[in-house]
Amino acid sequence: MFYRADTFRFLSKLTIPKLFNLGSIWISYQLTRMTGKPIQWGTPMTISIEPTTACNLRCPECPSGLRSFTRETGNMKEDFFRKVIDEMHQKLIYLIFYFQGEPYINPKFLEMVRYAHQKGIYTITSTNGHFLHPENARKTVESGLDRILISIDGSSQEVYEQYRKEGHLSTVLEGARNLVAAKKEAGSSTPHIVFQMLVVKPNEHQIGEVQALAKEIGVDEVKLKTAQVYDFVEGNELIPTISKYSRYYQDHAGVWHVKNKLRNQCWKLWHACVITWDGMVVPCCFDKDATYRLGDLREKSFTSIWKGTSYQQFRARLLQGRDKIDICTNCTEGCKVWA
């Protein structure tokens, strides 16, 4: 569906340097696909920043929720964030304020959003919606945040809490109402509010009800997202019965597989990356425990890391066999089967 105001706002962020950089990335990626060698021009058009690894919920398929990280939990410092953005903003098109954890737990989160907004970057965040009290809703609108994804994984508390452990649906819905009200009071079209539903077997029957809730509250959009499941080979109670919302399929022997064909290529490695709260650069959002640390922004500039030996070696390794890299084996990049 086309959302005019949101689309025009995104397009308004584009500049000649950003478009030239995007073109450089795309051409180098196509040359890589043709030659099988890691050719990398340009710098990322998007990055994911991790405001924090802390979370108030205990979702069963999330390392933050399970408290299963081997890396430390902490909040990104505002001055470090500004340093990163000062280096990258001229070619950066959009910025995702999310990796692991709940962004609103970082007390400087909205100040960082405001800074990125002032630098002409389209900004996005994803939240479980438990911190959108009236004051935070007002500050969110004032920050200039362009888009916010609020996780709504059910239309009733009983269903919602089967995945969002220790969460309260009533709090999330009230938070969404607060945000809609804050936008109206400020006469603002931002942020574009999205209800994101992680479709799993326990909640798939409530898709229509979640869509109805969004319409009632005044939310701009509903997105239905497929769920990554870690233990899927012998089946998992979270795998939806509606095939198009499942990343997995069952063969005649009853064994489950990822639908993705795992082609030895990855657009993400050319146009995006993730920066953890403590400055580690990792290849993508599937490296949740930051296992593949390709550089430390506390020691080197981003450009030197992006163009450096470790990154190029990782790209080359991927081109030689994506199925040999553990974070790639349960990934949807390039997957053409599921909807």
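Q: Which cluster do ring pairs link here?
A: Rings of Phe, Tyr and Trp (for Trp, the six-membered ring) pair if their centres lie within 6.5 Å; planes under 30 degrees apart count as stacked, over 60 as edge-to-face and the rest as tilted. In this structure, ring pairs join Trp26, Tyr29, Trp267 and Trp270 into a cluster. The model is predicted: local features need pLDDT of at least 70, side-chain atom pairs count only at pLDDT 80 or more, and totals for chains, interfaces and linings use all residues. Residues are numbered from 1 along each chain as its sequence is written, and side-chain values use heavy atoms, with hydrogens and water left out.

Q: Over which rings does the charged end of Arg315 sit?
A: A charge sits over a ring if NZ of Lys or CZ of Arg is within 6 Å of the ring centre and within 35 degrees of the ring normal. The charged end of Arg315 is over the ring of Trp270, 5.7 Å from its centre. The charged end of Arg315 also sits over the ring of Trp306, at 4.6 Å from the centre.

Q: How many aromatic pairs are there by the ring rule?
A: The count comes to 13 aromatic pairs. In one of them, the rings of Phe10 and Tyr122 have centres 5.3 Å apart and planes at 80°, so the pair is edge-to-face. Phe10 belongs to helix H1 (residues 4–12) and Tyr122 to strand S3, so that distant parts of the chain, 112 residues apart, are linked. Helices (H or I, at least four residues) and strands (E, at least two) are DSSP runs, numbered from the N terminus.

Q: Is Tyr122 buried or exposed?
A: Buried means under 20% relative accessible area, exposed over 50%, and partly exposed in between (1.4 Å probe, protein chains only). Tyr122 has a relative accessible area of 3% and is therefore buried. Phe10, at 26% relative accessibility, counts as partly exposed. Another aromatic pair, Phe81 with Phe97, is tilted, at 5.5 Å centre to centre and 40° between the planes. Phe81 lies in helix H4 (residues 78–88) and Phe97 in strand S2, so this pair ties together parts that are 16 residues apart in sequence. Phe81 is buried at 0% relative accessible area, and Phe97 is buried at 0%.

Q: What is the strand order of the open sheet?
A: Two strands pair if DSSP finds at least two bridges between them. The open sheet has 9 strands in the order S6-S5-S4-S3-S2-S1-S9-S10-S11, with mixed pairing. Strands S6 (221–226) and S11 (295–296) are the edges, each pairing on one side only. S1 (residues 46–49) pairs with S2 in the parallel sense over 3 bridges, and Ile47 stands opposite Leu95. S2 and S3 (residues 122–127) run parallel, joined by 4 bridges, with Tyr94 opposite Tyr122.

Q: Which residues are buried in H5?
A: The buried residues of H5 include Phe109, Leu110, Met112, Val113, Tyr115 and Ala116. Contact means heavy atoms within 4.5 Å. Among the elements that cover the buried residues of H5 are H4, S2, S3 and helix H6 (134–143). After H5 comes Gly120, whose phi is positive, near 80°.
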